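Before you read the points below, please keep the sequence and the 3D view side by side.

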Amino acid sequence: MVFPIAHIHYDDEIDESGKVVVPDEVLEAIKTLIRWTGDDPRREGLIDTPRRVGRAWREYCAGYGEDPSVHLSRTFEEVGGYHELVLLKDIPFQSHCEHHMAPIIGKASIAYMPTDRVVGISKLARVLHGFARRLQVQERLTAEVANCIWDHLKPEGVAVVIEAQHGCMTGRGVKVHGVNMITSKLIGCFLDDQSSRKEVMSLMGY
Ligand SMILES: [Zn+2]
């Protein structure tokens, strides 16, 4: 089946305007949450909110409907004698924390040291987004992206550094703004070889 909306990967029912049908139980749950927060879901401005919120969450979590490793299945062996690291720097992404379902907004730098094959550069960003569009903790997101590249591309090394702000920290609790959390996962030569590690971290700007 071909879905009219590219970023929806589910077997969702689609209405005549091409939008995902939100099940009644989901609409009810969102209405309950609106009531709990102190507002009236029957108020004019909120009438269509449960449907919008339902669709938005289906999109935020579209990663559950895909296997991010598929993006690494098509590789190129002709690398023209290039055996240095490949880096995609400062890729913006959005995810949601699994503890509060609050936004995690940040950027990721992803590098690998190819052996005999490379992937199209946009594929690294697709892997990132496949894992980011789920409920996450930043540490696991970082490790999942790195392990996926390590397992499927079989390079000499992988380095992933993620820098992000957490809505559950800026918008609630301690309400601290402008604080970035940095996580990294280094595998293979980037872990074992100090000069490779230094090179990748300095190219990433760390
Ligand atoms: Zn949180």
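1. A residue is called buried if 20 or more other C-beta atoms lie within 10 Å of its own, exposed if 12 or fewer, and partly exposed in between, with the C-beta atoms placed from the backbone. Please also remember throughout that this is a predicted model.

2. In the chain, His100 sits in the loop that joins S2 to strand S3, the latter covering residues 103–113.

3. The UniProt record, an unreviewed entry, lists His100 together with Cys97 and Cys168 under "binding site". These residues span 72 residues in sequence, yet no two of their C-alpha atoms are more than 7.9 Å apart, so they gather at one spot. The annotation may be inferred rather than shown by experiment, and I would ask you to read it with that in mind.

4. With 19 other C-beta atoms within 10 Å, Cys97 counts as partly exposed, because a residue must have 20 or more to be called buried. If residues up to four places away in sequence are left out, Cys97 touches Ala102, Ile104, Gln136, Val137, His166 and Cys168.

5. Which residues does Tyr60 contact, once its neighbours within four places in sequence are set aside? They are His96 and Arg133, and in the case of Arg133 the C-alpha atoms are 5.3 Å apart in space although 73 residues separate the pair in sequence. Tyr60 itself is part of helix H2, which runs over residues 49–60, and Tyr60 is partly exposed, having 17 other C-beta atoms within 10 Å.

6. Asp90, a residue of strand S2, has a phi near 55 degrees, which is a positive value in a residue other than glycine. Asp90 is exposed, because 12 other C-beta atoms lie within 10 Å and the exposed class takes in residues with 12 or fewer.

7. Lys154 likewise has a positive phi, near 50 degrees, and is a residue other than glycine. Lys154 is placed in the loop between helix H4 (138–153) and strand S6 (157–166), where it is partly exposed, with 15 other C-beta atoms within 10 Å.

Conventions:
Residues are numbered from 1 along each chain as its sequence is written. This is a predicted model: local features need pLDDT of at least 70, side-chain atom pairs count only at pLDDT 80 or more; totals for chains, interfaces and linings use all residues. Helices (H or I, at least four residues) and strands (E, at least two) are DSSP runs, numbered from the N terminus. Two residues are in contact if their C-beta atoms, placed from the backbone, lie within 7 Å.
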